[in-house]
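Subject: Structure for your review

Dear colleague,

Please find the structure below, handed over for your files. My notes on the findings follow it.

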Amino acid sequence: MMLDTLETLCCLSGVTGGEDEVRDYIMERVMPHADEIRTDPMGNLMVFKKGAVAPAQRVALCAHMDEVGLIITYITEDGYLRFDMAGGLDRRILLGKRVFIGPDRVPGVIGSKAVHLTTAEQRKVLPELKDMFIDIGAASREEAEQSIRPGMLASFDDAVVRFGSGYVKAKAIDDRTGCAVMVELLESDLPCDCWFIFTTQEEVGGRGASVAARNVEPDVTLILEGTTAADIAGVEGADRVCRLGQGVVIPYMDKSTIYDRELCATLGRLAEENGIPWQTKTRIAGGTDASAIQRSGTGVRVAALSVAVRNIHSPACVAKISECEDQCRLARLFLEEMAK
Amino acid sequence: MSMELKELTKALCALSGPTGFETPVYDFLSDYLKPVADEIRTDSMGNFIAVKRCGKPNARMMLLDAHMDEIGFIVTDIKNGFLCFENLGGVDQRMLPAREVKVLTDPPIFGVIDTLPPHVVPASEMGKAIDPKKLYIDVGMSQEEAEARVPIGTAAVYAAGCGELGSNMLCGKSLDDRACAAIIVKAFERLAGEDLQVDVCCQVSTQEEVGHRGAKVGAWTMDPDEAIAVDVTHAQTPDAKDVPVLCGRGAAIGIGPNMTPSITNRLFALGREKEIACQPDVSPRGNSGTNADVIQVTRGGVTTALVSLPLKYMHTPVEVVSCADMEACCELIAAYVEGMEV
């Protein structure tokens, strides 16, 4: 089931540059269904599966395995951890959050002095990132060093909650939803041959994808993503970017890519023909692996099919479950179209 | 069934009891202490009061107090399915973006306090706290669904429990003051099995976070001769280096006008005699900001001490305390009551 796969994937730790856990899980899941599996020095996972037909063009689906998180930079004398961001975060979501650090998942919390001890002015601003810290309950640097080294990655609390009328909350829905769709497709019979590219380091600028695109050399690539929904209370009109409950998102452009018009139109048509609600973005925001892939080698035609995600790049990403399922349906319809 | 101090604390922190809505904590405590208490009572404020009588004529009464309420939220309106809320007690607004909460409907529902994606937020805004008026709880419902499920006036709490951190710390929501409730409950359990010279009352009071309201009524009703208020106190953190109290250094004993010197001095002496780790916690103002404020001036006056548990990140969902400090507080309080004369 798509949702079970998504939930399992969201619980894995795959902060940018440390995607091993996610890659190992996916590899194990898809191994029995793959015709070819490759990895490369960037840690990308590239899986080929034969379908009913071999299209003239080489078709690829692409999702990124990495998630935003933190990287430990220093251990203080009294046993607290300093950190920096791995991927783009709004530091306003950090205070009072739980994290798990390193391969042994050492629990920690991002502390902040009690509100009672702050001035009215201090309460209006966020501490600088360099002044924030993680408390792992260690009393000294020596104690902390028993389990922590600078360079270790920290991921957010991984509790998955289904709530409301068909919503799911988890960390890393961006982009485990795309990974889940690809795993589901790999476990089914395909309408055409397809490469499935699971990339690394998307959150720091499509670094994995730029290499993976060279290694696969696709002609057409569909990016499967989780994207920025700003449809929270108090935000109106175009500023909402995209809205949960309004369907899968087919962007025509974002900050780093102008998507292939014909492919966008095809996706929209397939959605309408099959009763899948869809929307596009009402502001040019965000970016995907498409930018690295589109301009790789002799050029690649790219489109994106995304799920709207609230609180993206936070421990409390929220998505509509039916839209994750629709992302999977429409991706399959896209492959059927490519088979023609 | 009796629980160890650490486990009891975890169980209490898992309960939802924001200021004014503490019933689940009352019910738990009532079941827990029923086997050992002579009396269990409540009052119009919802305080939990367990009494152990020593059986001596005209016995004096010792009141142990901790509060059961925690900070939280209360739903004030619903807009497009999102819940508008205000705070119950002193909430740090900076803890709220992308925060998970439990909305206390029956059964409770899960919610998230939404925030904008960083992709559309100007970098200059990211250093500023979000205006609390722009924060809403997302329960994944339409206006109609939310109106049907969430009555205005429903309370909410942080959706965090309490777990272990490091080798001997606890971390979670509402350790202020459930950890101290656990301390006095365990002390009471121990004292209930002993031959004492005084009556002991274990009061776990309501509405401390909005001004010590429960304790004021409870102390009046119980009319104690002596009292020990047990609450948390700020411990030093990397961003509050000037705080002298340290996590892991033992029970913090309050010193100042709100605390009667005779009992305070006796507590320090006991700490030395019995090798219980203690540290001073100077509170120079007339009010210590705890239930001791109101208890000390109840009726004709009460001989009052304040024993505090050092706690980091007070009023956040990730409060941190040391289990060793909790044990020290419990030991010190029990030892004091055991030594009380007729």
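Buried area is the accessible area, with a 1.4 Å probe, that two parts lose on being put together, summed over both. In this predicted model, chain A and chain B bury about 4900 Å² between them, with 60% of it on carbon and sulfur atoms. A:Arg92, A:Arg98 and A:Ala233 supply 13% of the area that chain A buries against chain B, more than any other three residues. In terms of contacts, 62 residues of chain A meet 58 residues of chain B.

The polar side of the interface is as follows. There are 4 salt bridges between the two chains; one of them joins the side chains of A:Asp78 and B:Lys241, at 2.6 Å from N to O. The interface also holds 21 residue pairs in polar contact, both at pLDDT 80 or more. Strand 7 of chain A gives 4 residues, the largest share of the side of chain A that touches chain B. That side has 29 nonpolar, 17 polar and 16 charged residues.

A:Tyr80 and A:Phe133 form an edge-to-face pair, 5.4 Å centre to centre with 80° between the planes. A:Tyr80 lies in strand 5 of chain A and A:Phe133 in the loop between strand 7 and strand 8, so the pair ties together parts 53 residues apart in sequence. A:Tyr80 counts as buried at 6% relative accessibility, as does A:Phe133 at 1%. Ring pairs link these two residues and B:Tyr313 into a cluster.

With kind regards

Terms used: Residues numbered from 1 in each chain as written. Chains lettered and ligands numbered in written order. Predicted model: local features only at pLDDT ≥ 70, side-chain atom pairs only at ≥ 80, totals over all residues. Heavy atoms only, no water. Contact = heavy atoms within 4.5 Å. Polar contact = N/O pair within 3.5 Å; in protein donor to acceptor, adjacent residues only side chain to side chain. Helix = DSSP H or I, 4+ residues; strand = E, 2+ residues; numbered from the N terminus. Nonpolar A, V, L, I, M, F, W, Y, C, P; charged D, E, K, R; others polar. Phe/Tyr/Trp six-rings, centres within 6.5 Å; stacked < 30°, edge-to-face > 60°. Buried < 20%, exposed > 50% of the residue type's maximum accessible area, 1.4 Å probe, protein only.
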